[in-house]
Amino acid sequence: MSGDASTVHTDGIPPDALSKVQEYLEPFHLSVEKLREVSARLRKDLVRGLGKHSHHKAPVKMLPTFVRATPDGTEKGDFLALDLGGTNFRVLHVRVVEEEQKVLKMDSQICAIPKEMMLGPGVQLFDHIAACLNDFLVSQNLKGQTLPLGFTFSFPCEQKEIDKSILIRWTKGFNCSGVEGEDVVKLLKEAIHRRGDYDIGSVAMVNDTVGTMMSCGYRDQSCEIGMIIGTGTNACYMEEIKNVRRVEGEDGRMCINTEWGGFGDDGCLKDIRTEFDVVVDETSINPGIHNFEKMISGMYLGEIVRLLLVRLTENKLLFEGRTSEALLTPDAFETKFMSEIEERDGGLENTQNILTELGLKWDSVDSRIVRLVCNAVSSRSARLCGAALATLANRIRVNRRLDHLKTTVGVDGTVYKKHPNFSEELRATVRLLAPDCDITFLVSEDGSGKGAAMVTAVAQRLAHQTRLKCFYQSQKYQKYIYIFF
């Protein structure tokens, strides 16, 4: 495969030094056979997560989203989108234009959430959100219109319906009372009702991965997979409803939020985890949780590299055995450094500037070894991500009994978009492990905003189609009654 760390960036490194460094990097070089094994393990975990009785203990949660279709290009109208997932939240006005096949972000506004509000009563938080939403409607001259709303709420939830989502637990510094175990859509609507000066239409709850798939799906109707590989990682895809044992129904499809970051939490990836992965996990804020994510996503890649560099320095294979305070500081080696170091043009110069910034005394061999280390870690990340994505594509193909699947993956995340080699290596892995799948990659534009509106638009289209179907069936029924009598 292209990008193999054993053949990249080795020029200028003395053979005996290269041989010793490679001993530490060898565990990061995953063969195609090993990647196939990983894919097969994930395939089994997908089935466990979908099972009615097995999903409780499944590491890959496979959460139903109640999004039952992707865009067909006929969606249109004006929508609001609300994106809440941190110390700020965004309100957006989005217009879907059928004639131009475009999702336009008309305007948006960022609202701060004071620290004390993040820890206070939930009623206070949702009243604040309702007030900011009102201010936005006034500023956009939308007051008086009742617009549907897509709600991206980036906290762990159990979704019951498209418009009903129960908060499991707060994360990211929030701990508002009276919200855990409650339906967040209901809390938002109650806050708006308390004001009494405006209203919203139907609400659709949106996971950011689903938003990524849907924002791309309007541009390309064959988009049925969404993937994020940035600070964290996750993916969703369209599954046959008959396979989703936790949801009633046999016909049609539903988008499943895989939560694949938890893959390996049951120990099934123990054979490919390195000693450096173990340290990263044990020193994280959630030890034992999201093992797959910790091997491949942006929050952790830089720290894996730092631990490797410290070990190589201690064994006098780097910097003449001399570390620095910065190199010994957890998380001081940022994942963005890897992208800069692995640039095809200027990478060596970037490497040397970064090493100087970290207070290290380096020579040209040191800078080449550091590039080699970064490549080994990023290459493993891309291959593992590619193996997981190939698993989803193969599942869709087999589900539909197709000899050949043509589909599109909507992608978001800084690792995919910013790293110079990642996307190329990921695609090469998918081609190897899913040879009967022709996959196009489409980078998402604002999945949490435009995608949230798109989910709402599709839900409205389906509801309208259902109403029409019921109407025509009732007319047909009345006709039969008339003839009978």
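1. **Ground rules.** The model is predicted: local features need pLDDT of at least 70, side-chain atom pairs count only at pLDDT 80 or more, and totals for chains, interfaces and linings use all residues. Residues are numbered from 1 along each chain as its sequence is written, and side-chain values use heavy atoms, with hydrogens and water left out. Helices (H or I, at least four residues) and strands (E, at least two) are DSSP runs, numbered from the N terminus.

2. **The open sheet.** Five strands make up an open sheet, in the order β4-β3-β2-β5-β8, with mixed pairing. Two strands pair if DSSP finds at least two bridges between them. β4 and β8 (203–206) are the edges, each pairing on one side only. On average, neighbouring strands here are turned by 20° against each other, direction ignored. Axes are lines fitted to C-alpha atoms, for helices over the stretch in contact; angles run from 0 to 180 degrees between N-to-C directions.

3. **A pair inside that sheet.** β3 and β4 run antiparallel, joined by 10 bridges. Look at V97: its bridge partner in β4 is K102.

4. **Helix α4.** This helix covers residues 122–139, 18 residues in total. From first C-alpha to last it reaches 26 Å, close to the 26 Å expected at 1.5 Å a residue. The expected span is 1.5 Å times one less than the number of residues. Just after α4, N141 takes a positive phi of about 55°.

5. **How α4 sits.** α4 lies across β2, β3, β4 and β5, at about 130° to β4. Its buried residues include L125, F126, I129, L133 and F136. Buried means under 20% relative accessible area, exposed over 50%, partly exposed in between (1.4 Å probe, protein chains only). Among the elements covering them are β2 (77–84), β3 (88–97), α3 (115–118) and α5 (184–195). Contact means heavy atoms within 4.5 Å.

6. **Strand β9.** Is β9 (223–229) mostly covered or mostly uncovered? Mostly covered: 7 of its 7 residues are buried. It runs parallel to β12 (405–412), with 5 bridges. There, G226 has G410 as its bridge partner. β9 runs antiparallel to β10 (233–240), also with 5 bridges. These two form a hairpin with 3 residues between them. I229 stands opposite T233 in β10.

7. **The annotated region.** In an unreviewed entry, UniProt lists residues 224–458 as "domain: Hexokinase C-terminal". UniProt positions use the numbering here, feature names are shortened, and annotations may be inferred rather than shown by experiment. The span is 49% helix and 14% strand. Its end C-alpha atoms lie 14 Å apart.
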